[in-house]
Amino acid sequence: MCCDLKRRFLLLYATQKGQAKAIAEEIREQAGARGLEADMHCISEMDKYNLETEKDPVVIVISTTGTGDPPDTARKFVKKIQDTTLPPDHFAHLQYGLLGLGDSEYTFFCNGGKTVDRRLQELGAQHFSDTGLADDCVGLELVVDPWIDGLWLALKEAFLLQKEKEGMSSVVNAVSSSLSAALHGVHELNLSSEVQNLKLEDEGVRSSDVLSQKLVDINLVASTRDTEPSLVHSVPPVSQSALNIPALPPEYIEVQFQDTHGENPHLSLLISEGTTFEVPVTKAVQLTREDAIKTALLLELDIADTVFDYQPGDAFCVICPNNVNEVEELLQILGLSEKGECFICVKVKQGTKKKGAARPQHIPERSTLKFILTWCLEIRAIPKKAFLRALVECTSDVGEKRRLQELCSRQGASDYTRFIRDSDVCLLDLLHAFPSCKPSLNLLIEHLPKLQARYYSVSSSSLYQPGKLCFVFNIVEFPACPARPVSRKGVCTGWLAELVAPVLHPNKNTLNTKGGSSSTEKISIFARPNNTFHLPADPSVPFMMVGPGTGISPFIGFLQHRQKLREEHADWEFGETWLFFGCRHQDRDYLFKQLRCFLENGTLTHLKVCFSRDFSTAEVAPPKYVQDVIRLYAKEVARVLLKERGYFYVCGDKKHMADGVSDAVVDILSMEMGADKLEAMKILATLREAKRYLQDVWS
């Protein structure tokens with residue numbers, strides 16, 4: 001009993017979209033195979049664990065959301081440990097290892113994990129395992145897999161140290177022997193030169209074992225004339241390698257079809273993030289000309305009959321369904337076309353080997369099959385390797401089976417990145433590419449993540465337009481590619497565009513946002529307040545805004561709000577305002593030409609625009625991008641930021657714009673202050689920390 005107790009470790013996860021939880025579950029499965037007990041909890045469940053008295057090692061898996069915030073589930077925990085009255089030895093007894101998840105496309109990479117890690121260190125906690133920071137930009141598995149592999153030796157040493165401190169040498173020997181045997185077995189399995197046959201029926205034992213497979217005759221996979229790899233075809237060395245593939249995840253969901261009828265759950269029951277509001281779309285306007293490269297729409301919502309409240313700069317979430325045609329297509333492939341409207345009951349499978357198995361919170365216990373596929377599951381999600389491993393068992397063609405094994409193997413990691421991750425391949429694409437793969441419905445519920453609501457920046461001011469909320473978006477387009485032979489629109493933007501298509505202004509060439517037709521359609525929304533991306537509290541403070549394309553959206557709300565404040569408070573002092581806007585063509589996608597009105601009435605002090613694709617006959621070519629325009633006003637930027645302690649806002653694309661803008665600001669600070677680039681970067685970091693250089697960006 002004592003030995004079992006000391007094989008326990010506490011496993012906490014903090015997730016926004018489910019990735020941290022999935023990784024924690026993988027750690028728990030592997031721990032069970034090694035004779036360890038992972039006591040797993042969401043970090044928000046603070047009534048189920050107590051770090052103040054925790055004696056066993058603690059493993060934390062935490063993601064990052066927004067522009068560097070901890071996930072919603074970790075906010076209460078972070079607030080608790082950031083209590084400034086806590087002594088520096090508050091967690092001196094604690095041994096922990098932390099795995100942070102993030103995306104290097106964003107400035108504050110893995111900041112959720114870094115915040116928790118830094119604070120635990122400040123309170124005296126000690127690492128028993130090095131901190132891992134996984135980057136979703138290049139593939140989480142590149143850090144996650146080796147970090148988990150190293151976790152077991154680190155835990156072994158942590159247990160040994162713990163037992164030695166307690167003077168329990170007999171238990172030390174038992175634990176050491178058990179863990180060493182497990183680690184030795186895995187080591188032999190990984191390094192063995194003998195290629196074993198993969199049991200395709202996989203008995204579900206040793207869930208963490210890395211299995212090898214006998215080479216399949218390459219002629220079964222593809223013709224030897226094919227020399228380039230693809231989603232369905234591999235080439236040497238992958239095609240000739242013994243494979244290290246994940247063990248089969250245990251099934252844990254049971255789906256029962258019912259003859260009864262009823263009503264599906266209300267959409268509000270699917271949302272745990274806040275109160276939902278069903279509101280009518282009162283206006284829809286196409287802001288771009290028909291020949292523009294991207295199509296931008298403005299939608300106006302009527303929130304007058306709700307308690308929904310927002311400030312300019314806030315975001316909100318739209319609850320959207322999957323594409324109806326894709327749902328029907330999926331039902332057809334699954335052989336369930338006739339059962340879409342049938343009610344199903346989703347329960348945990350009796351006798352499952354999955355520890356802590358529970359029905360996913362986003363799946364109602366009882367609803368129609370079509371409701372689950374339409375509103376609950378992200379059928380466009382990029383399949384994770386564990387899902388590919390499960391799909392192997394549903395595939396009858398030996399060549400297709402082998403290729404799926406390659407794609408989820410370590411040897412096929414680059415193929416997975418290239419043909420699945422980077423190509424945005426989803427389940428439907430896989431089922432078309434591997435037609436002998438026929439997954440069960442329970443497998444989809446187990447492996448597809450929750451269909452997430454989509455965030456949009458507010459493009460209005462409730463002071464300027466009481467009872468109204470406006471937002472602007474481009475209709476996202478995913479062109480066809482070799483791994484995905486059909487083009488698609490974004491899940492939410494495509495749905496919204498289809499929803500308002502009948503009511504768009506008949507004269508679509510106009511860019512006048514005062515036009516637009518009325519609509520009777522309704523959508524469900526909930527608030528997603530932004531704690532920092534707001535106007536300065538002091539109206540006399542100057543600020544600069546950079547928002548090319550639809551990045552201008554929140555700044556329309558800023559300017560509307562500022563205009564109303566100027567009208568209502570003539571005696572107030574207002575600081576100067578700058579707006580840098582850019583688009584491809586002045587006559588096709590200049591989204592808000594009425595910006596001139598803000599300039600004329602004094603709300604906007606300076607408006608600087610650029611058009612990247614317009615041809616110029618000038619001797620000196622005008623700047624193409626907003627970052628180029630900003631450099632032309634270096635002295636003004638430095639004055640506003642350094643001398644007048646103003647604010648600088650950036651909204652829009654991260655990779656192609658926001659990084660260029662920050663580079664331009666660094667160069668300006670370096671030049672105007674006579675400092676080297678490193679010193680200028682430190683100044684920009686200070687501005688970020690002071691919340692005076694603010695970003696609302698997306699990748």
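Me: What percentage of the 699 residues of the protein chain count as buried?
Reply: The model is a predicted one. The chain has 21 helices and 22 strands. A residue is called buried when its relative accessible area is under 20%. Among the 699 residues of the protein chain, the share that counts as buried is 53%.

Me: Which strands are the edge strands of the six-stranded open sheet?
Reply: The sheet is antiparallel and has the order β13-β10-β17-β8-β9-β14. An edge strand here pairs on one side only. That applies to β13 (454-457) and β14 (468-474).

Me: At about what angle does helix α15 run to β13?
Reply: Helix α15 (residues 491-500) lies across β8, β9, β10, β13, β14 and β17. The helix is mostly covered, with nine of its ten residues buried; W495, L496 and L499 are among them. Relative to β13, α15 runs at about 70°.

Me: Which residues have the most contacts inside the largest nonpolar core?
Reply: The largest nonpolar core has 53 residues. Apart from this core lies another of 31 residues, including F277, V281, L297 and L299. Beyond its neighbours within four places in sequence, L391 is in contact with L404, L427, L430, C437, P439 and L443. Inside the largest core, the residues with the most contacts are L330, L388 and L391.

Me: Is K438 buried or exposed?
Reply: K438 is placed in the loop between α13 (427-433) and α14 (441-447). Setting aside neighbours within four places in sequence, K438 is in contact with I333 and C394. The cut-off for exposed is over 50% relative accessible area. K438 has 51%, so this residue is exposed.

Me: What is the C-alpha to C-alpha distance between K438 and V392?
Reply: K438 and V392 are 46 residues apart in sequence. Across the chain, among contacts between residues at least 6 apart in sequence, 78% join residues at least 24 apart. In space, C-alpha to C-alpha, K438 and V392 are separated by 9.7 Å.

Me: Does C481 count as buried or partly exposed?
Reply: The structure holds zero disulfides. C470 has a relative accessibility of 6% and therefore counts as buried. The limit for buried is under 20%. C481 has 24%, so this cysteine counts as partly exposed.

How values were computed. Residues numbered from 1 in each chain as written. Predicted model: local features only at pLDDT ≥ 70, side-chain atom pairs only at ≥ 80, totals over all residues. Heavy atoms only, no water. Core = buried A, V, L, I, M, F, W, Y, C linked by side-chain atoms within 4.5 Å. Buried < 20%, exposed > 50% of the residue type's maximum accessible area, 1.4 Å probe, protein only. Contact = heavy atoms within 4.5 Å. Pairing = 2+ DSSP bridges. Helix = DSSP H or I, 4+ residues; strand = E, 2+ residues; numbered from the N terminus. Axes fitted to C-alpha atoms, helices over the stretch in contact; angles between N-to-C directions. Disulfide = S-S within 2.5 Å.
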